[in-house]
Every structure is written in C-alpha cells, then in structure tokens.
Amino acid sequence: MEEDLFFNDEKLKEEILRLKKEREAIILAHNYQRPEVQDIADYVGDSLGLSQQAAATEAKVIVFCGVHFMAETAYILSPQKLVLLPDLRAGCPLADMITPDALKKMKAKYPGVPVVAYVNTSAAVKAESTVCSTSANSVQIIESMQNRRVIFVPDENLGKYVARKTNKEIILWKGKCPTHHKIKRESVLRLKKDHPQAKFVAHPECRQDVLELADKICGTSGMVKYVKQDPSREFIIGTELGIIHRLKRENPNKEFYALEEAICPNMKLITLDKVYRSLKTLTPKVTVPEDIRLKALNAVQKMISIT
Ligand code: CIZ
C-alpha cells in the first residue's frame, strides 16, 4: 500500500479514526501495548477486561491490539463479530508452552483432577480445561474447586504463588512467561536503592525471589487500582513496561520506575501502521473452530460465573 508511506503520525491517527467509524469498529489495546497504540484505543485493559468489552460492544469489527490468545478469547465470547489481530505473528511464548495433546496426556496421568488453565493459553488448550483463570482471580478459582488436587497450566511461577495462598495440592506445568521470568532480583534491588521510598509492585508471573521483594503482588488490572489508591508517590513496576504509559497518564503526580529487561517483543509487534492496514483490509482475522470454541467458552464462562 504505497500511499501509507505519505502519512505522518497525525494523519495516520486521523485515518485510523475515520476508518474505525466507517467500519463500525472498536479498538481494544492491552496494557502492554505501545503508547501510541494505547492512545488510539477505545479501551485499554487486561485480557479479560478486553474480552468483556469485546462481548459487550455493538461494534461489528474488533481490532484487538494484543497477542493471539487474547484475540481468540474475544472471538470465543463474540463469534458473530469480526476479530482482527493487526499482526498474526504476535503470539505468546507462554501460551505456546502447552499444547492440547500434552494437556490430554497430563489429564490421563491424573484422572478426575480438574484443570485450571490460565487465560494465557490457546483456545484448544482452554477447550481441554475445566475452568480458566487470570492473574487476578487464580487463587479464588482454585479455591472454588471441590477437589483437593488441581492441575494448573501453564505458568509455573504463578502456580507456585497460588500454591502458597491455598491449601490445595497444585500439580504444576513448567511454563514460564519469558518477559516476567527475565526480571532479576538484582535489578529490583538496584531500583529500590535508588528510590528508597518507592513501593515495589510485582506480577505473579515473576520468579519467587523477585516476588519476595514486593509490597504488592497483582495482575495488571490490580496494579492500575493499587497505584491509584495507595498514598505513595513512587512505584517500581514489576511487569511488562508498556503499562507505565497508562499508569503515568492516570496518575500524573506519581513517579513510576520500569525494569528495563521487562519488554515483550510480541506485544510491540502491533504498530499504528498495522492497525491502519488491518482496518483498511479487514485482515488478519482470528477465528476458532466452532467445536473448540464451544468447549473453550464453557471454561471461560465458568470462570466468569465463579468470580
Ligand atoms: O491477563 C492479562 O492480560 C495478562 C497477560 C496479564 C495481566 O496481569 O493482566
């Protein structure tokens, strides 16, 4: 598309807004997206919040600025809408660490044990699971299970964190979010030394030796609430650094310090230019085969009804 080359950023944003109206579309952006993508979005949030927006909107087209499993979750909840992911390469390495076949084998090893699948899983893995969970509600979901033993996939760090909070016996999968697992204790200690008044807020996908340093452990929606309500003026943010744009915008009088290693290259694949192209061509689409969608929907709806 040659003409794209002539756009400056302002013109590009205008064109996105014009096309959005023409297509009757909504733009949803994850908390980890680039600042300019967050700024053009109708709603910025975590994967569950975004999917709920996708289900509630009257828009016909959803441009999902996030990673593949999130766009799939939006489609699972709203199959009648056209769900677009501006770059199909935006995957999630954590979600890719478990396949439906591997999960089937694990279930065969532990017959009758329910499976809680973190939302960072493919639709096909959700379809093999009893219920889904997010970083915000994993403890509550696992506690709500009747069984004493529960399989939790795929994030081992989050699973261990949850295990410390419940009396359940949790059978873990050895998946890791490379972005959170990369956050080093020494980096946090260095920032704490430079900013002794700052509170450290950490995502439960971080390693345990990092979580030990935290004043608060929560998912991104929890972080947004926590930094707003807490009287502290400085925060070290232990999650993907894209969220800092939103935190600064919503709390202009507070300071936020990023862990520079916490950057997710997949989240950064979505650019304004790709959002524009996606709206213009109504591609690339994300869909899920209907039999898998219905089973995955069951696991997602069970989570929604519990929480
Ligand atoms: O569920 C999400 O959106 C992810 C991946 C992280 C979080 O804590 O919000």
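Q: What counts as a contact here?
A: Contact means heavy atoms within 4.5 Å. The model is predicted: local features need pLDDT of at least 70, side-chain atom pairs count only at pLDDT 80 or more, and totals for chains, interfaces and linings use all residues. Residues are numbered from 1 along each chain as its sequence is written, and side-chain values use heavy atoms, leaving out hydrogens and water.

Q: Where does Val-300 lie?
A: Find helix α15, residues 290-306. Val-300 lies in that helix. Helices (H or I, at least four residues) and strands (E, at least two) are DSSP runs, numbered from the N terminus.

Q: Is Val-300 buried or exposed?
A: Val-300 counts as buried, because its relative accessibility is 1%. Buried means under 20% relative accessible area, exposed over 50%, and partly exposed in between (1.4 Å probe, protein chains only).

Q: How far is Val-300 from Glu-255?
A: Their C-alpha atoms are separated by 36 Å. Along the chain, Val-300 and Glu-255 are 45 residues apart.

Q: New topic. Which residues does Ser-51 contact, beyond neighbours within four places in sequence?
A: Ser-51 is in contact with Met-70, Thr-73, Ala-74 and Leu-77. Leu-77 is also in contact with Val-300.

Q: And why does Ser-51 count as buried?
A: Ser-51 counts as buried because its relative accessibility is 0%. Look for Ser-51 in helix α3.

Q: Let's talk pockets. What is the volume of the largest pocket?
A: The largest pocket has a volume of about 360 Å³. A pocket, on a 1 Å grid over the protein atoms alone, is an open set of points with protein on both sides within 12 Å along at least five of seven lines. Its volume is the space filled by probe spheres set on the points.

Q: How many residues line the largest pocket?
A: The lining has 31 residues. His-30, Tyr-32, Met-70, Asn-120 and Glu-205 lie nearest the pocket's centre. A lining residue has an atom within 4 Å of a point.

Q: Which helices supply at least two residues of that lining each?
A: Three names to look up: α3 (47-56), α4 (68-77) and α9 (178-181). The largest share, three residues, comes from α9.

Q: How do the lining residues divide into nonpolar, polar and charged?
A: There are 15 nonpolar, twelve polar and four charged residues in the lining of the largest pocket. Ala, Val, Leu, Ile, Met, Phe, Trp, Tyr, Cys and Pro count as nonpolar, Asp, Glu, Lys and Arg as charged, and the others, Gly among them, as polar.

Q: Which residues are around the ligand?
A: His-30, Tyr-32, Asp-46, Ser-47, Met-70, Val-119, Asn-120, Ser-135, His-203, Gly-219 and Thr-220. Near means that a heavy atom of the residue lies within 4 Å of the molecule.

Q: How far is an oxygen atom of the ligand from an N or O atom in the side chain of His-30?
A: That distance is 2.6 Å. For the side chain of Ser-135, a ligand oxygen atom is 2.8 Å from an N or O atom.

Q: And what about a polar backbone atom of Ser-47?
A: A ligand oxygen atom is 2.7 Å from that backbone atom.

Q: Thr-220 is around the ligand. Which residues of helix α12 are buried?
A: Thr-220 is one of them, with Met-223, Val-224, Tyr-226 and Val-227. Helix α12 spans residues 220-229. Strand β9 (199-202) and helix α13 (243-250) are among the elements that cover these buried residues.

Q: What about Leu-282, what is its phi?
A: Leu-282 has a positive phi of about 55°, although it is not a glycine. Leu-282 is in the loop between α14 and α15, and Pro-284 is found in the loop between α14 (272-281) and α15. At 24% relative accessibility, Leu-282 counts as partly exposed.

Definitions and conventions
1 Å grid on protein atoms, 1.4 Å probe; cavity = no way out; pocket = protein on both sides within 12 Å on 5 of 7 lines; lining within 4 Å. Polar contact = N/O pair within 3.5 Å; in protein donor to acceptor, adjacent residues only side chain to side chain.
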